[in-house]
Each structure stands twice: as structure tokens, then as C-alpha cells.
Amino acid sequence: MPNWVEGYATPRPSMRACVIVFPGSNADAEMIAALAGAASTPPTVVWHTETALPADTDLVAIPGGFSYGDYLRCGALAKVSPIVPAIREHAAKGRLVLGVCNGFQILTEIGLLPGGLTRNRQMRFECGDRYIRVAARGAFTRTVGAVWRMPVAHAEGRYVASPELLEQLNGEDRVAVRYCDARGEVVDEANFNGSAESIAGIYGGPYRNILGLMPHPERAVDPRTGGADGVELFAAAVATLAGGKSTSALV
Amino acid sequence: MKATVYVRPKKEVLDPQGDAVRKALEKLGFGGVAQVRIGKVVEIEFAENIPASEQNAMRAKLEQMSDTLLANPVMEDYEVTF
């Protein structure tokens, strides 16, 4: 595959990424393409009934969609998928996990990230480009204050957390990205889904190695299709891996 | 033997679905509705009848089912009846 995305290193470094596909995932093709653009090796694709990840997987990506038809609650039924214990084990080692949209919902439902995601404040399916501001350094974000424009496409993206959890997330620098306006200001008008403290994504794991976010970086990797701010997120992951197998240096 | 689990959004969690239904009721001319909250009813049928001596254990099992899957304790409360 040509290195069609500006901003990635040339020659591209290696990254053993793996995209998990659940019944109802629908953003897997974009995730596969984005990861293929970021590294010299294309990602492997793992169906949710597998019980192991490919050997030496660096990054597990859980794409967006409607896993299990959103039955019961978004992401809830994914916890019975046979691949989940392998994802937990991978995450506990400090290796990278990225959950986007339904992938974020799944990460909260399987307990890898705290809090929950429920219906948008205005009851609307929100679909379009939105701005987010990086609030913490971690495996996928290197520059606090960076403002990215990315598409969102969700009806259940309102992040909910208890006051104690919000305090903990802030105290541990685990709020990864917040909704903001085009100037990067975190204002209530930009918080279109009503998330607690405008939270669009959070970090978890021992080394801020697990990221869940509602906006779609994998749909923002090519200027020809509306923007390439997502490149920074994937490039950060590649740089994190290049910096050593552990991401502990970031903490 | 049947058990019912009621799953409701926690009081402090905004329920936009309930709000939309409240507004719709108002538009249809049903006045006096102060608040609507919408949850789920999960009906669970057991293969066999549960003897009275085991009902406490069954309640504990249903609570475990609710904590594990039926409700998300971050944003929902549940109530088990049978």
C-alpha cells in the first residue's frame, strides 16, 4: 500500500496492529486502512470468536459500529465474546488498545475503561465534523492543547461518570480529549452530546495505554476525504511503540 | 417460575428519552405530566419452579445477573422481583 497519508514517517515503522471485528462492526474497513497507512505492515483482522491475538500484537483496535445490534445497551453483549480475555491480558501488559465510538462503549462495558456512554443530550444521532482538544499525554496523544477536527457519528455518546470518578480522572490526568470549538475553547455549546465535563475520550490502563473516544480518527486520515487530523493520533501510537515496548516513559 | 428485573436510569442521570416523551404527551394534550423516565423490563423465565427455601439464593443470583449484564451500574439502577 502506498504511503498516501502525509505526516507519517517515511519509511514507515513496523507496528503489529490487530483490528477486532464483532458482528455489527461497521467502521472496521476505515480502521484497517488507517492502520495500514500508519505502519509498514497491514493490520491483522481478528473475528471476535477467536480466543487469542496474533503473537506480539502491539496495538488492538476496536472499531465503531453496532456490535450485537446494540441489544440491551451499546457494547453490553460484547463482554461475552471469546476474544475479550485476550484483549484484557494485552491491555494489562501495557500494550496499546484503541476503542473508537462503539469500541469506546465496548471498553467501558467490559470494564477496561471507567464510566459509561448513554443517549446524547438532545436525543439526536449526531453526524458531522466536531473539534476535540487534547487534554492529556498518553500512548495516542503527544501534545496537550492540540486541536483536532474529526467526524462523529453516534446517538449514545454522552459520557457519564460519578463526581468521584471525574475527580479521579482529572487527578490522574486521564481525560484524553474534550469537545471544543474551532478555536480550541472547551465551551458548553461545543459539547453537543452533553458529556460530563465535555469528555470525548479517556485513558485507562497502567500506562495510559488504553484510549477510548467517540470521534473517529480513522475517518480523518486523508485530506481528500475531509481532513487528516486523525493521522496525529496514529502517528503518536507508532512513535510510542518506537520508543520502546512499554509506554511507561509517558507516565 | 418467572422473575422480573426493572432497569431504570439513575435519578441523577439525565433521561433525554423520557424528556422527549414528556414533551410529546404535552403536545397531545395530556397536561400535568411533570416528568417521564424510561427504563427496561427484563422478564426471566426459569426452567423449573424455585422452592421457597432457595428463593434467597435465587434473588442473589438475579442480582448478580443484573450487576454483570442486565444493568450498567454506572448509569442504571435495578430492582428484582419474583
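**The interface between chains A and B**

Between chain A and chain B, 6 residue pairs are in polar contact, both residues of each pair being at pLDDT 80 or more, in what is a predicted model. Strands β5 (116-118) and β8 (158-160) of chain A each contribute at least two residues to the side of chain A that touches chain B, and the largest share of that side, 3 residues, is drawn from β5(A). Sorted by class, the side of chain A that touches chain B comprises 6 nonpolar, 4 polar and 6 charged residues.

In terms of contacts, 16 residues of chain A meet 14 residues of chain B, and the area buried between the two chains amounts to about 1,300 Å², with carbon and sulfur atoms giving 66% of this area. Of the area that chain A buries against chain B, 40% is supplied by Leu72(A), Arg73(A) and Arg158(A), which is more than any other three residues provide. The count of salt bridges between chain A and chain B is 1; Arg73(A) is paired in a salt bridge with Glu76(B), with a separation of 3.6 Å between the closest N and O atoms.

Within chain B, Glu26(B) is located in helix α1, which spans residues 16-27. Although Glu26(B) and Ile50(B) are 24 residues apart along the chain, their C-alpha atoms are separated by 44 Å.

How values were computed. Residues numbered from 1 in each chain as written. Chains lettered and ligands numbered in written order. Predicted model: local features only at pLDDT ≥ 70, side-chain atom pairs only at ≥ 80, totals over all residues. Heavy atoms only, no water. Contact = heavy atoms within 4.5 Å. Buried area = accessible area lost by both parts, 1.4 Å probe. Salt bridge = Lys/Arg side-chain N within 4 Å of Asp/Glu carboxyl O. Polar contact = N/O pair within 3.5 Å; in protein donor to acceptor, adjacent residues only side chain to side chain. Helix = DSSP H or I, 4+ residues; strand = E, 2+ residues; numbered from the N terminus. Nonpolar A, V, L, I, M, F, W, Y, C, P; charged D, E, K, R; others polar.
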